[in-house]
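This report describes the fold, the surface and selected side-chain pairs of a single protein chain. Please consult the sequence and the model alongside the text.

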Amino acid sequence: MNYLLKNGQFLIGDDLQQRDLLVVNGKIQELAPKLAAPAATKVIDLQGNFVSPGLVDLHVHLRDPGQTYKETIKTGSAAAAHGGFTFIGAMPNVTPVPDNVQQVQQMIARNHTEGSVHIGQYATITKQRTAGQLVDFAALKAAGAFAFSNDGSGVQNVDTMYQAMRAAAKVALPLAAHVEDDSLLHGGVMNAGTKAQSLGLPGITNVVETAQLARDLVLAQATGVHYHVCHVSTAESVQMIRSAKQAGVNVTCEVTPHHLLLSDRDIPGDQGNYKMNPPLRSERDRQALIGGLLDGTIDCIATDHAPHGTAEKQQSMRQAPFGIVGSETAFSLLYTNFVKTRIFTLKQLIGWLSLQPASIFNLSTCGQLKVGQVADLAVFALKQHEQITAASLVSKGKNTPFIDQQVYGVTVITMVAGQIVYQRGDLK
C-alpha cells in the first residue's frame, strides 16, 4: 500500500517544520509542505507529531533459537517496532551459535521471514562463541553476517583477539567487543563501591572493563580493524577511547540508555531488575558517559535489549541473570530525561539513535529520510505522555527498572520499507 503522511513535523536543519511525506512502492517519493494524495493512496493525518528516520539499534538479544521463553524473533522485532526501531543488530549468544555458514544463513532467513523490522545478523568471533578457535570470517561475511561479536563474553586470550582483528580487517566488517576480563570478576554482581558494600553484594570494579579495553585498543591500532566497543560504562573507558580516536585508531563505541539514566546510587535494594552487564556505575561514570556523547567520543546509543523470564529476575542479584529490556523504552526515556530538560537537543538524540549507528556500520539505507530512499521511519507524539507498565511492553521480557515511570515521546507509527509494522490505536 502507498501512503501520504500529512501534517508531520520534520527536523529540517535544526528546526521542526511541517511537511507531508508520500510513500510509493516502499520508498519516499516526495517530501514537501503540501502534497495531494494520488489515487490508491492511504492518507494518515499525523496531527503535528514528529517524524524521525527509523531508529537503528546495533545491540539486541533476540534469544532465538535456544531461549525462546525469553524472546523470539517475532516478539523481539515487534518490541523494536514498538520503540520506533526499524533496524536491529541481533547478537549471536543463542543456541546453536551462528559460527558457521549454515547457521548464519538459517538465522538470516528466519530473521527475514519472522521479523517485522530489518535485522542485521552478527556472527561470532570464535567457534561456540567462548572457545579459542576463530570462525571463517570471509565465509561468514559471504553468508550475510553484517558484523562479528562474542557479546556476552569478552575474548580472554590476547592472540585470539589479535588474529580475530586481523581477519575482520581483511573482510572489512566491524568487530564489536564485549570488554570484560573474567579473571578480575571475582563473582561480582553490581558495581564495586559503597552501595555494593551496604547491600552486602560482591562488586565489579571498573578495571574489569578497562583492562581489556586497553589491550584491545593497542591491538586495534596494530591491525587497522574497525573496532566497536559495546556498552561503554566507565569514565576511564571514555577517556581511553577519546585518546585512541585522537591517535587515529579506527574505534567506535556505544552507550546504553540505562547507563546514561542511572548510577549505582539509584539501586533501591538487592533487586534483580537492576542487574546488568556492565553494571550501573558511579555517578562520576554516568556524567562521563553523557560528556562522551556530547563531545563525540561516544558515537551512538544502543539498547542492549536483554529479555529474561520474570521469575529469573525476581531474585537476588546473586542469582538473577544480567540484563534488562530496552527496545520499547529507549526513545521515550531519553527524550523525557535529556531533551525535555535541555541537556540534549532532539537533533542530537535522533543522530545518536539513527544516523550515527547507521553511518559507523555502513548501513547505507538506514538513518535518514531522503527522497528515493526506502521508507523506514518512526512517528513520535512528543507532547503525549504515558506510564511504562509491564502490560504495555510487547517483548516477552518485562525486566526493567523503569516500570511505572511517566514518559513523553510515545511511538504512534513505525514504518519499515514503506509498510506500517506498528500503529498506536488512537491514531487513524
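Which residues are linked with Asp64 in a network of salt bridges? The network joins Asp64, Arg110 and Glu114; a salt bridge here is a side-chain nitrogen of Lys or Arg within 4 Å of a carboxyl oxygen of Asp or Glu.

## Basis of the model

The model is predicted: local features need pLDDT of at least 70 and side-chain atom pairs count only at pLDDT 80 or more, while totals for chains, interfaces and linings use all residues. Residues are numbered from 1 along each chain as its sequence is written, and side-chain values use heavy atoms, with hydrogens and water left out.

## Overall architecture

Twelve helices and 18 strands are found in the chain. These elements are DSSP runs numbered from the N terminus, with helices (H or I) of at least four residues and strands (E) of at least two. The chain is as compact as a globular protein of its length, because its radius of gyration of 21 Å is close to the 22 Å that the globule rule gives for 428 residues. That radius is taken over C-alpha atoms, and the rule is 2.2 Å times the number of residues to the power 0.38. Along the principal axes, the C-alpha atoms fill a box of roughly 65 × 50 × 45 Å.

Contact is defined as heavy atoms within 4.5 Å. Among contacts between residues at least 6 apart in sequence, 74% join residues at least 24 apart.

## Burial, surface and charge

Of the 428 residues, 60% count as buried. Buried means under 20% relative accessible area, exposed means over 50%, and partly exposed lies in between (1.4 Å probe, protein chains only). The chain exposes about 15,900 Å², of which carbon and sulfur atoms supply 50%; the areas come from the Shrake-Rupley method with a 1.4 Å probe.

There are 34 positive and 34 negative side chains, and the centres of the two sets lie 4 Å apart. Lys and Arg count as positive and Asp and Glu as negative, without His and the chain ends.

The structure holds 13 salt bridges. One of them pairs Asp20 with Lys6, with the closest N and O atoms 2.7 Å apart. This pair links strand S2 (residues 15–24), which holds Asp20, to strand S1 (residues 2–12), which holds Lys6, across 14 residues. Asp20 counts as buried at 0% relative accessibility, and Lys6 also counts as buried, at 18%.

Lys347 forms a salt bridge with Asp14, at 2.9 Å between the closest N and O atoms. Lys347 lies in helix H12 (residues 346–360) and Asp14 in the loop between S1 and S2, 333 residues apart. Lys347 is partly exposed at 41%, whereas Asp14 is exposed at 61%. A further salt bridge joins Asp299 and Lys245 (2.8 Å, N to O). Here the loop between helix H9 (283–294) and strand S15 (300–301) carries Asp299, and helix H7 (residues 235–246) carries Lys245, 54 residues apart. Asp299 counts as buried at 9%, while Lys245 is partly exposed at 25%.

Met317 is placed in the loop between helix H10 (310–313) and helix H11 (330–339). Its relative accessible area is 0%, so Met317 is buried.

Which residues beyond its neighbours within four places in sequence are in contact with Met317? They are Val189, Met190, Leu201, Ile267, Gly269, Asp270, Gln271, Tyr274 and Lys275. Met190 is 127 residues from Met317 along the chain, and the C-alpha atoms of the two are separated by 7.8 Å.

Terms used: Charge placed at Lys NZ, Arg CZ, Asp CG, Glu CD.
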